[in-house]
Amino acid sequence: MTDAAPNAGATPAPPANPAAATPAKPDPPAAAAATASAEAKPPKVKIRKPKQRACDEKDDKGKLCCGHLKRFYDLPPEIEALVGHHAEVYRCEFCKTIYKPNLGEMPHSYTLRV
């Protein structure tokens, strides 16, 4: 009788798929490209109604934003191309919707009235 183990001469089997043993990580350039494409879309531009102070934009569920419209002074060149040069532009504090000036209303800034 021999005292040898039944699998003493057998070699260990390699894993079926070595990539399946490690968790898959997202490709950093692909993830960065996905976020860049989401940020690259132009902002929504609307015309401000007379005496309008709050945003009237609705989200996907139909809920009003109601964010305060704040004066937007430092316009990036791509926004300035959409609304015009030296325009009195307002932007919602929450959804970042751009509001162009209403041409039927006098500008609020004295420098733009002259």
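**Cysteine contacts and positive phi angles**

Cysteine 66 is partly exposed, with a relative accessibility of 48%; buried denotes under 20% relative accessible area, exposed over 50%, and partly exposed in between (1.4 Å probe, protein chains only). The structure is a predicted model, in which local features need pLDDT of at least 70 and side-chain atom pairs count only at pLDDT 80 or more, while totals for chains, interfaces and linings use all residues. Residues are numbered from 1 along each chain as its sequence is written, and side-chain values use heavy atoms, with hydrogens and water left out.

Although cysteine 66 is not a glycine, its phi is positive, at about 60 degrees. Cysteine 66 is located in the loop that runs between strand E1 (45–47) and strand E2 (69–71); helices (H or I, at least four residues) and strands (E, at least two) are DSSP runs, numbered from the N terminus. A positive phi, of about 55 degrees, is also found at histidine 86, again not a glycine. Histidine 86 lies in the loop between helix H3 (77–83) and strand E3 (90–92) and is exposed, at 59% relative accessible area.

With a disulfide defined as a pair of cysteine sulfur atoms within 2.5 Å, the count of disulfides is zero. For cysteine 65, the closest cysteine sulfur is that of cysteine 92, and the distance of 3.5 Å is too far for a bond. Cysteine 95 is likewise in no disulfide, the nearest cysteine sulfur, in cysteine 92, being 3.6 Å away. Cysteine 65 is partly exposed at 23% relative accessibility, and cysteine 95 is partly exposed at 33%.
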